[in-house]
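Visitor: I'm new here and would like a quick tour. Could you show me what we're looking at?

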Amino acid sequence: EELDGRPLPQWYDQSKFGIFLHWGVFSVPALCSEWFGTYWRDHWGPCPYIGQLMNETERPSFSYQEFARRFQAELFNATEWSLAFAKAGAQYVVLTSKHHDGYCMWDSRDSVPTTWHWNVMDVGPRRDLLGELAEAVKNASSRQTGESIKFGVYHSLYEWFNPMYLQDRKNNFTTDHFVTMKTIAELKDLVMKYSPELIWSDGEWEAHSDYWRSREFLTWYSQTIQTGIWNDRWGTDTLCMHGGFLTCADRYEPGRIVDKKWENAMTIDRSSWGYNRASPFENYLTTKELIDTLIETVAYNGNLLLNIGPSADGTMDPIFLDRLQGIGAWLDVNGQAIYKTAPWAVCQSEHPQDQNKTTSAASMGAAYGAYYTRSSDVLYVHLTQWPSGSSIQLDCPEATSATVVSLLGYEHPGATLPRLRKTSGQGVVIDLPMLTPDVIPSQHAWVLKMTNVANLDDKPFYDSKKRKSAQNLAPNLVEN
């Protein structure tokens, strides 16, 4: 309870958007997913072809561990990576320090002897990849907010192949040699060397948090890194219940507001977190899909942690960079409606299935995929589709004679402002300016800025068919 009651760090609540990186030895075969090692060795998983492929391309008795020698990261440039993330609008970056294969992406040699010959300094690139990226990220600033980017680490509690862990499991976790000699030592080494402000734990699902000594470690971490935050994957008893923020499941999308801060950790490549060179083009989410997901996530009180799988040589596939550039371009225009905002307690979204419109109202463009965020005195309306006829009816906002509506990115002198019309009942109709492609301020989604909204600070409206309730969701609002 003491850990759960710790205040959410303001930087995390206000960040909204981060980058996840799954990178390691699994990036060498770059097939199926980052679970390649166990899929191949233990003959299971969604990619039955990998066994035959390995038999055809590698010598007999070749093992997964031998891929580490080919993990060279020879083209890795931490500064270039950090600049790409900064331009994309990311406010924090999380790198896999160790995935389930146990390979350590930092210089763990002296502090954690049990990582001997299975870390980046002993085998592979012979560079402290995590250390280089941590330094570069912390020295980078967001183009959209001007804030320094935060650095965090992913860390897997369990390991597929480690004999100490396998013995503890065989003992029904009545022994904890693996945790004592490896897990806690690794976590503390990461904190002391790199001061990560976020720890994204994983691999918790086989044992209780008491075995992992999670409470003990997190108490120490919270006292060591005052602005630190952690997720909910620390034992079989913690997922979606305990943590600084909730993840609940991979690609978590609750589709409604969640009072406790949550995070949607999701992938650009639908099939894999690590780089998969066999992924077809159709597996990659479009920029439009990613922006829509970011909008919905923020409207429902979440952060979006968007995953990229770099290649073993240290480069990122151009399709990943294209998506990052597209998100960054959208945030250049609309970032004020994302960063440092909160969900609107009155109403988070409007959709066709939520409304009982008349034919005449529908012809005006009943709200389709409209989401709301707010600052201290502004309501933002995110339109994920430009309404037919350039008019949209919104049920949730209540206008006054002083209400002003503008379109973000189209606010220069002489610009035609959206025209606001009150309806006979509750809500408003907004006539958008007729814009040609050469002057429309952004692609994919558009944001209306509304000031002097009558019900901006109203209490939640409890109607499960139309609106979701929210309370205490704006502790960190700032003036825009």
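Visitor: Let's start with one spot: is glycine 89 buried or exposed?

Guide: Keep in mind that this is a predicted model. Glycine 89 sits in the loop between helix 4 (78-88) and strand 2 (92-98). The cut-off for buried is under 20% relative accessible area. Glycine 89 has 0% relative accessibility, so the answer is buried.

Visitor: Which residues does glycine 89 touch, leaving out those up to four places away in sequence?

Guide: Touching here means heavy atoms within 4.5 Å. Glutamate 186, for a sense of distance, is 97 residues along from glycine 89 and 30 Å away, C-alpha to C-alpha. With residues up to four places away set aside, the ones touching glycine 89 are Phe17, Gln144, Leu331 and Tyr339.

Visitor: Now to another loop: which side chain makes a polar contact with the side chain of serine 279?

Guide: Serine 279 is in the loop between strand 6 (262-267) and helix 10 (287-299). Its relative accessibility is 12%, so serine 279 counts as buried. Beyond four places in sequence, serine 279 touches Asp269, Ser271 and Tyr284. The polar contact, at 3.1 Å, is with the side chain of serine 271.

Visitor: What about leucine 420: how much relative accessible area does it have?

Guide: You'll find leucine 420 in strand 14 (residues 419-422). Its contacts, not counting residues up to four places away, are Ala399, Thr403, Val405, Val428, Val429 and Ile430. Partly exposed covers the range between buried, under 20%, and exposed, over 50%. Leucine 420 falls in that partly exposed range, at 25%.

Visitor: Stepping back, how many helices and strands does the protein chain have?

Guide: The C-alpha trace spans about 75 × 50 × 40 Å along its principal axes. Within the protein chain, the secondary structure comes to twelve helices and 16 strands.

Visitor: Last one: how far apart are the centres of the positive and negative side chains?

Guide: The protein chain carries 42 positive and 57 negative side chains. The centres of those two sets are apart by 2 Å.

Methods: Residues are numbered from 1 along each chain as its sequence is written. This is a predicted model: local features need pLDDT of at least 70, side-chain atom pairs count only at pLDDT 80 or more; totals for chains, interfaces and linings use all residues. Side-chain values use heavy atoms; hydrogens and water are left out. Helices (H or I, at least four residues) and strands (E, at least two) are DSSP runs, numbered from the N terminus. Lys and Arg count as positive and Asp and Glu as negative; His and the chain ends are not counted. The place of a charge is taken as NZ of Lys, CZ of Arg, CG of Asp or CD of Glu. Buried means under 20% relative accessible area, exposed over 50%, partly exposed in between (1.4 Å probe, protein chains only). A polar contact is a pair of N or O atoms within 3.5 Å; within protein, one must be able to donate a hydrogen and the other to accept it, and residues adjacent in sequence count only if both atoms are side-chain atoms.
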